[in-house]
Amino acid sequence: MVRRRRRTWSTIALFLTPALLIFGLLVLTPMVVAAYSSFFSWNGFGAPTDFVGLGNFRRLLVDDIFVGDLERTLLLIVLSMVIQLPVALALAMLLNQPLRGRRLYRMVFFAPYVLSEVVTAVLFTMIFSPNQGLANHLTRLVGLGDLGATWLADTDTVMYSLFFVISWKYFGFHTILYLAGRQAIPQELHEAAALDGAGGWNAFRHITLPLLGGTIRISVFLSILGTIQLFDMVWVLTGGGPIRSSETLAVTMFQEGFKRFHVGYASAISMVIFLISLTFGLLYQRFVLRRDLEGAVTTMGDQR
Amino acid sequence: MTSTRISRRSLLGLAGAAAGATLLGACGGGDSGGKSGSTKTIKWWHIANTDPMLSKWAEMAHQFEAAHPGVKFEITPLENEAFKTKLTTNIQAGNPPDIFHTWGGGVLFQQADAGMVKDITADVAAWKDTLIPAALDPYSTGGKTYASPVDTGMVGFWYNKDLFGKAGITTLPATWADYLDAVRKLKAAGVTPIALAGKEKWPGHYYWAYLAMRVGGLDALKQAAANKDFTAPDFVSAGAHLKELVDLQPFQTGFLAAGYSTPDGQAATMGNGKAAMELMGQWAPGVETDSSAGKKGLGDKLGFFPFPAVDGGKGQITDAFGGGGGFAVGKDAPPEAVEFLKFIAQPDNARTEAKTAAVLPVVAAAADAVTDPNLKLVAATLAKSTGFQLYLDQAYAPAVGQQVNDSVAELMAGKTSPDKVAKAITDAAKQG
């Protein structure tokens with residue numbers, strides 16, 4: 001028995017080694033290199049030699065662009081929580097109703113999610129194009145004049161235009177998540193509630209919403225992590241502009257690393273992105289997702 | 001039965017590990033394998049990703065291959081910005097292509113400092129005398145040359161003759177005051193005076209750079225770069241002059257989000273006759289035609305005039321601002337790569353390049369091949385130039401060049417003041 005187990009272990013080790021090697025080489029090594037170079041003032045050529053300690057991180061704290069990145073990330077998160085996810089939830093509830101062409105709607109709403117971020121961004125640069133764009137054409141049609149001309153060209157509106165595009169791309173994904181969660185709720189509960197005289201709102205508030213809790217928590221988690229790491233869409237849509245007013249953490253990192261060759265500084269930004277994501281991920285799992293991760297109802301019985 | 005199954009599994013596992021190791025090994029060794037064999041591969045990255053030059057370069061590579069048995073080209077044509085990103089990644093990984101496009105200046109010298117490009121001073125000496133004067137300047141520092149130039153050019157105003165006529169502008173502006181007047185006239189006539197690609201920033205920096213040249217003179221720019229100090233009154237004054245222009249709101253609607261060669265960008269706006277002028281390099285007519293509706297462009301309605309002088313400024317109206325392209329040789333390139341640079345610098349090949357109307361040749365003997373009237377005009381202006389300044393975002397170290405672009409963009413968006421521009425560039429220069 002013991003020998004057999006040992007053999008099993010060696011098999012496991014053999015199978016795991018390639019994966020671990022590749023993981024170590026392609027995931028862990030770059031992380032260690034980035035962490036290391038974040039302590040240097042380095043232009044990326046040769047080996048880093050100019051050690052500056054925490055200098056790069058201190059510079060971040062007084063860098064208007066970086067602080068702006070954090071504010072913009074927060075703005076996008078808040079907008080997502082307040083607008084995008086509730087709309088997705090409402091749509092999911094609608095799509096759960098017996099309405100004609102329900103399958104078609106589901107497919108249409110989910111379609112944007114299938115497009116890559118870059119394709120989406122290219123599509124919307126055309127839509128928002130000042131002279132030939134669809135957006136501007138529409139505002140003219142409804143008598144709003146050239147309102148749409150400066151969607152992406154005005155520092156005051158660019159973040160909202162960006163949020164619109166992000167929402168357009170991702171609401172379908174969240175809708176499908178919610179819809180799946182909604183369909184997992186046994187029909188009996190709603191029937192029982194209806195018999196007890198609960199109206200639509202009460203049934204939603206006291207049955208659907210609590211039972212969708214797990215799904216909502218996961219969807220919020222994914223949405224926030226995605227926002228922190230946002231890059232492709234912004235890069236193609238606005239390039240971080242106009243005049244750096246729509247840069248995100250990752251875009252600033254790219255600007256510093258690839259345009260200005262401040263590789264050490266860019267590494268420091270990447271470490272900050274990593275730490276923010278990690279801290280958020282751990283805390284969220286510890287305090288918010290705890291119940292979901294513990295999973296099965298039976299273990300809850302043990303605890304109570 | 002059980003034991004055989006397990007051993008078979010272990011075997012499979014081993015095979016898997018071995019396959020993985022082979023794969024990883026192959027990744028590392030692929031490069032050296034190509035060179036040690038009997039065929040020498042030359043990896044060539046250029047930015048002529050559209051015809052006519054795309055196929056002309058390929059033809060020349062084939063001719064060279066035919067004359068040098070065993071040499072094989074691997075050509076990667078890339079779009080401008082994609083090229084910069086990809087090249088940076090490769091160079092930082094210590095793996096530069098054998099021949100690659102360069103604009104010279106600070107970027108090239110940083111690559112040279114890192115030992116990523118070959119010093120080809122001795123090789124270029126062989127055909128140096130066939131080139132026009134100062135052709136090597138953007139690629140040389142401290143007496144060493146790191147690239148061979150292929151084309152050159154300058155930035156100036158390209159204008160739509162019909163729209164200028166419509167606004168009643170009869171003489172081309174020679175001073176900044178005249179120029180601002182012309183902009184006012186165009187606006188009064190309901191014409192968008194200037195097309196600008198605000199999203200890409202580099203087209204905007206031309207304005208500030210030219211104004212700094214006209215106000216402070218070429219030496220002031222050299223001095224400022226050396227001292228890492230751009231706070232001199234002349235630079236603030238250059239910004240103030242630019243602000244005079246910006247305050248007239250001369251640019252097309254939504255210019256801050258406009259690209260250069262995108263369907264609704266600067267070149268398309270110009271090529272479709274929606275704006276009266278653009279400040280752009282010698283390639284402007286070609287890109288305008290390519291991005292305009294029906295690929296027609298402006299044809300003979302297009303004209304060119306140099307950037308106007310500023311009253312009381314130290315710079316001449318004949319000082320030119322611009323740059324060209326050249327090819328640098330990667331550190332591990334075979335000798336045939338340098339040989340190829342010599343090959344494309346032959347007058348006949350240089351003529352082929354010039355005839356496509358896509359480039360102004362640096363080979364003096366090929367000057368007769370320029371037939372396009374617009375390019376001839378640029379060549380004539382360039383030939384009479386009293387001084388030359390390379391694009392600031394190439395001449396300076398990347399961090400400084402980017403700051404010039406960013407700060408000027410802010411000024412054009414009305415979000416900063418001329419003295420803050422000078423200060424931000426100085427800060428970036430000091431920080432390195």
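Colleague: How do the axes of α8 and α10 of chain B cross, and at roughly what angle?

Modeller: Keep in mind that this is a predicted model. In chain B, the axes of helix α8 (residues 202-216) and helix α10 (residues 233-247) come within 8 Å and cross at roughly 125°, which makes α8(B) oblique to α10(B). The crossing of these two helices, α8(B) and α10(B), is right-handed.

Colleague: And which residues make that contact?

Modeller: From α8(B) the contact includes B:Y207, B:W208 and B:L211, and from α10(B) it includes B:F235, B:A238 and B:L242. By class, the residues of the contact between α8(B) and α10(B) are eight nonpolar, four polar and one charged.

Colleague: What about α17 and α18 of chain B, at what angle do they pack?

Modeller: Helix α18 (residues 418-431) of chain B packs with α17(B) at an angle of about 165°, and their axes are 9 Å apart. The two helices α17(B) and α18(B) are therefore roughly antiparallel to each other, and α17(B) passes α18(B) in a right-handed crossing. Among the residues in this contact are B:V400, B:V404 and B:L411 of α17(B), together with B:V421, B:I425 and B:A428 of α18(B). The contact of α17(B) with α18(B) has eleven nonpolar residues, three polar ones and no charged ones.

Colleague: Switching to strands, in what order do the six strands of the open sheet in chain B run?

Modeller: The order is β2-β1-β3-β11-β6-β12 in chain B, and the pairing is mixed. β2 (71-77) and β12 (360-361) of chain B stand at the edges with a single partner strand each, so one side of each has no neighbour in the sheet. Further in, strand β6 (residues 147-152) and strand β11 (residues 325-329) of chain B pair in the antiparallel sense over four bridges, with B:P149 standing opposite B:G326 in β11(B).

Colleague: Which helix packs on that sheet?

Modeller: Helix α13 (residues 335-344) of chain B does, touching β1 (40-46), β2, β3 (99-102), β6 and β11 of chain B, and its direction makes about 50° with that of β1(B).

Colleague: Then there is β10 of chain B; which way do its residues point?

Modeller: From strand β10 (residues 319-322) of chain B, B:D319 and B:F321 point one way and B:A320 and B:G322 the other way, and all are buried. In a regular strand the side chains alternate between the two faces of the sheet. β10(B) pairs with strand β13 (residues 387-390) of chain B in the parallel sense over four bridges, and the bridge partner of B:A320 in β13(B) is B:F388.

Colleague: Where is B:K201 found, and is it buried or exposed?

Modeller: B:K201 is found in the loop between α7 (176-188) and α8 of chain B, and with 24 C-beta neighbours inside 10 Å it counts as buried, the cut-off being 20 or more. Its phi is near 65°, a positive value in a residue other than glycine, whereas most residues other than glycine have a negative phi.

Colleague: Last topic: how many residues of chain B are in contact with chain A?

Modeller: 30 residues of chain B are in contact with 33 residues of chain A. On the side of chain B that touches chain A, α1(B) gives the largest share, eight residues. The residues of that side divide into twelve nonpolar, twelve polar and six charged.

Technical notes. Residues are numbered from 1 along each chain as its sequence is written. Chains are lettered from A and ligands numbered from 1 in the order in which they are written. This is a predicted model: local features need pLDDT of at least 70, side-chain atom pairs count only at pLDDT 80 or more; totals for chains, interfaces and linings use all residues. Two residues are in contact if their C-beta atoms, placed from the backbone, lie within 7 Å. Ala, Val, Leu, Ile, Met, Phe, Trp, Tyr, Cys and Pro count as nonpolar, Asp, Glu, Lys and Arg as charged, and the others, Gly among them, as polar. A residue is buried if 20 or more other C-beta atoms lie within 10 Å of its own, exposed if 12 or fewer, and partly exposed in between; C-beta atoms are placed from the backbone. Two strands pair if DSSP finds at least two bridges between them. Axes are lines fitted to C-alpha atoms, for helices over the stretch in contact, and angles run from 0 to 180 degrees between N-to-C directions. Angles under 35 degrees count as roughly parallel, over 145 as roughly antiparallel, 65 to 115 as roughly perpendicular and the rest as oblique. A crossing is left-handed if the near helix is turned anticlockwise from the far one by less than a right angle, and right-handed if clockwise.
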